[in-house]
Amino acid sequence: MSDIALDQEALPIPDTAVDLSEPAEVAANLVENPPNLDEPGIASLPINVEKSALERFLDQPAVRRSAPAVIGLLVLLFCVFFYMWISAPGYRAVYPGMLESDRQVAYELLLNTGFDVKIDTASGELQVTNNRYHEARMIMAAQNIPKAAALGSLGSLVEQGSITTSRFMEQVSYRAAMESELAKSVEQISSISSARVHIAESHQSAFVRNKSPSKASVVVRPYPGRSVSRSQIQAIVHLVSSSVPHL
């Protein structure tokens, strides 16, 4: 080992120092002139962007091919529902102001005859479609529905009004409507089954000196086993007298 020992003094020591500034220059050059990844020969690093489940579903080829057909089907369904909505038949009350008993009988009659009948939730009136309104009234009239008392209601007076109606017919219709409305108000008393009101209005004129007051009479039918008390009679008298002018 001692024979082949190296003479350290004979080995030349390089006089060059390592230049530590080269990595900094290379980094600065990369910042100023970034490489173009689109050039051939330069491999681009893949960027992993996580997609949502909806995006992955929409990216499927089958979904992309069927998307136009699905959109067209939705548009067609919207058009069909819109047409059905605007072409839905309107409804009209057959006889406004019918009594509950007549309304029930009329509902069963029209339903069995094949009419599209419904009850208005706001007013409780019996309604049919506009295109079969007159037919429904004829069928009900053939069965004597509703009763005569209901025909004089204020609702039917408004419905049957016309610009060709004479003044006399207007007065008669108005008096009949008042009698019907007062009778229905009297029937709200718990002990009264049915009631009828008759009004004889006075003709007021500035040329008549002796004016006769209006008159009214009320006929009531109590429920079996019940009687009309004196306080109820006073209530009926006050109701009728305060509703009829000059009474």
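The chain exposes about 19300 Å², of which carbon and sulfur atoms supply 59%, the areas coming from the Shrake-Rupley method with a 1.4 Å probe and, for residues, only the protein chains shown counting as cover. This is a predicted model, in which local features need pLDDT of at least 70 and side-chain atom pairs count only at pLDDT 80 or more, while totals for chains, interfaces and linings use all residues. Residues are numbered from 1 along each chain as its sequence is written, and side-chain values use heavy atoms, with hydrogens and water left out.

The chain holds 9 helices and 5 strands (DSSP runs of H or I with at least four residues, and of E with at least two, numbered from the N terminus), and along the sequence they follow the pattern α-α-α-β-α-β-β-α-α-α-α-β-β-α. Of the 247 residues, 19% are buried, meaning under 20% relative accessible area, whereas exposed means over 50% and partly exposed lies in between (1.4 Å probe, protein chains only). Among contacts (heavy atoms within 4.5 Å) between residues at least 6 apart in sequence, 60% join residues at least 24 apart.

Helix α4, residues 100-113, reaches 20 Å from its first C-alpha to its last, close to the 20 Å expected for its 14 residues at 1.5 Å a residue, where the expected span is 1.5 Å times one less than the number of residues. Asp102, Arg103, Ala106 and Leu110 are buried in α4. They lie on the same side of the helix because they cover an arc of only 95° around the axis, the arc being that of the directions from the helix axis to the C-beta atoms. These buried residues pack against β3 and α5 (133-142), while the face turned away from them carries the exposed residues Glu100 and Asn112. After α4 comes Gly114, with a positive phi near 105°.

Glu125 is buried yet has no salt bridge, the nearest side chain of opposite charge being that of Arg103, 4.4 Å away; Lys and Arg count as positive and Asp and Glu as negative, with His and the chain ends not counted. A salt bridge requires a side-chain nitrogen of Lys or Arg within 4 Å of a carboxyl oxygen of Asp or Glu.

The whole structure has 2 salt bridges. One joins Glu135 to Arg132, with the closest N and O atoms 3.2 Å apart, and another joins Glu181 to Lys184, at 3.4 Å. Glu181 and Lys184 are 3 residues apart in helix α8 (residues 167-186), so about one helical turn separates them.
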